[in-house]
Amino acid sequence: MTPRRRRLVLVLGILVGVGVAGALALSAFRRNVTFYFIPSQVAQGNLHPGQQFRLGGLVEKGSVSRQPGSMQVHFTVTDLKRQIPVVYDGVLPDLFREGAGVIALGRMLPDGTFQAQEVLAKHDQYYKPPGIGQKLDIRHGEPRDPALDQPPATASAALSQAAAGRP
Amino acid sequence: MAWTWFHRLASPPHIYRVAGRLMPWLAWPAAVLIVAGLIGGLVLAPPDYQQGDGYRIIYVHAPSAWMSLLVYTTMAVAAAIGLIWRMKVAHAVAASCAPIGASFTFAALVTGSLWGAPMWGTYWQWDPRLTSELILLLLYLGYMGLRSAFDDLQRADRASAVLAIVGVVNVPIIHYSVIWWNSLHQAPSVMRLGKPTMPPSMLFPLLMMLVGFTLFFGALLLVRLRGEVLSRERTASWIREALRP
């Protein structure tokens with residue numbers, strides 16, 4: 001073995017070693033590295049009562065109602081299987097809208113309502129000029145391929161994927 | 001021999017000359033593409049149906065983020081070549097990449113944060129994509145810090161090369177973070193299997209910016225590489241020849 005070949009093997013060894021270590025660490029983290037929980041996961045009861053967490057899902061169409069004379073807003077977060085009502089007192093981001101992805105940080109109240117302290121809107125990666133394609137709502141059409149050869153294109157696709165057991 | 005051009009690249013006077021001659025051929029197309037891409041993206045492209053004009057920061061953010069990954073990969077490959085073939089010029093390339101990559105990463109983080117504030121409702125979240133991109137910035141800074149911690153150039157080259165190679169695992173993690181995990185950051189719009197999720201009128205300027213940024217990186221790298229070679233070879237006799245007006 002020439003010294004050069006030995007160094008080549010060494011570098012490849014470092015890459016393989018770090019790659020395997022990284023893959024193991026990431027797969028171990030997979031259950032814990034979850035930025036948000038969807039309503040179906042919340043319903044499984046893995047969260048402690050009163051625990052602070054992020055609730056993610058879609059804002060159910062027609063569910064947003066504002067309290068006149070205050071900042072309070074009520075809406076329902078859905079993963080198309082289960083729904084959780086949310087109450088929030090504050091300013092909503094620009095991209096918050098019915099039918100779009102949302103991530104709320106807060107706690108479950110004893111009555112089953114989610115009290116949010118912070119509401120973030122999730123962008124759905126689709127860009128288009130106003131006016132065209134309004135009828136055909138491309139954000140909800142794409143099916144999710146479980147073999148990962150298609151990235152989870154939409155909030156709802158990501159949600160259905162997550163609901164299918166992959167956190 | 002098919003490999004003579006490669007071996008000749010290992011010669012500092014040769015690379016110094018080649019880099020100087022090649023630089024304008026990258027810099028001018030880069031300038032044209034970036035100006036055209038900015039006009040196309042900031043003026044000509046239609047507003048987005050949800051974000052209005054706010055989405056236009058993508059024309060700086062996405063190319064910067066792509067470059068942050070491309071520059072790191074270039075740096076790691078150069079470092080590996082330097083380590084395996086004991087090629088000083090390759091170490092010089094890796095060392096020249098780091099500040100450029102750190103700048104692109106910083107630009108990607110800042111523009112993303114400025115976009116996130118109105119659109120998401122937050123400047124920063126410990127989301128997988130955002131966190132892994134921040135780690136990339138720390139890798140670049142760590143690489144530069146490690147280099148400067150050694151007085152001996154050869155030790156600096158070898159130690160920092162190992163760090164660059166180890167850190168390259170972060171590159172696929174950044175790219176796939178939005179696919180593997182629940183994240184606040186959206187999935188890729190262009191760098192995905194299947195069709196881009198934007199119309200050609202928006203996509204075309206973005207691609208011009210991407211190619212423009214890549215060429216810009218190439219030009220910057222050549223300028224920095226010349227400086228790096230000069231500083232490494234400052235005692236060599238060819239320098240006097242090369243710097244004669």
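Met108 of chain A stands opposite Phe114(A) in strand β6(A). Strand β6 covers residues 114-121 of chain A, and seven bridges join it to β5(A). The model is predicted: local features need pLDDT of at least 70, side-chain atom pairs count only at pLDDT 80 or more, and totals for chains, interfaces and linings use all residues. Residues are numbered from 1 along each chain as its sequence is written, and chains are lettered from A and ligands numbered from 1 in the order in which they are written.

**Strands of chain A**
- β5(A) and β6(A) run antiparallel; strands pair if DSSP finds at least two bridges between them.
- The hairpin of β5(A) and β6(A) has five residues between the strands. Gly112(A) takes a positive phi there, near 90 degrees.
- Strand β1 (residues 53-59) of chain A is antiparallel to β5(A) (residues 101-108), with six bridges joining them.
- Gly56(A) has Ile103(A) of β5(A) as its bridge partner.
- Helices (H or I, at least four residues) and strands (E, at least two) are DSSP runs, numbered from the N terminus.

**Chain B overall**
- Chain B has nine helices and zero strands.
- Its radius of gyration is 20 Å, close to the 18 Å that the globule rule gives for 245 residues, so chain B is as compact as a globular protein of that length. The radius is taken over C-alpha atoms, and the rule is 2.2 Å times the number of residues to the power 0.38.
- The C-alpha trace of chain B spans about 60 × 35 × 30 Å along its principal axes.

**Helix packing in chain B**
- α4(B) and α5(B) (residues 128-149) pack at about 150 degrees, with axes 9 Å apart. Axes are lines fitted to C-alpha atoms, for helices over the stretch in contact, and angles run from 0 to 180 degrees between N-to-C directions.
- That angle makes α4(B) roughly antiparallel to α5(B), a label for angles over 145 degrees.
- Residues in this contact include Phe106(B) and Leu109(B) of α4(B), and Leu137(B) and Tyr140(B) of α5(B).
- By class, the contact has 14 nonpolar, two polar and two charged residues. Ala, Val, Leu, Ile, Met, Phe, Trp, Tyr, Cys and Pro count as nonpolar, Asp, Glu, Lys and Arg as charged, and the others, Gly among them, as polar.

**Contact of chains A and B**
- Chain B gives 39 residues and chain A 36; contact needs C-beta atoms, placed from the backbone, within 7 Å.
- On the side of chain B that touches chain A, α3(B) gives the most, with four residues.
- That side divides into 25 nonpolar, 11 polar and three charged residues.

Methods
Contact = placed C-beta atoms within 7 Å. Parallel < 35°, antiparallel > 145°, perpendicular 65-115°, else oblique.
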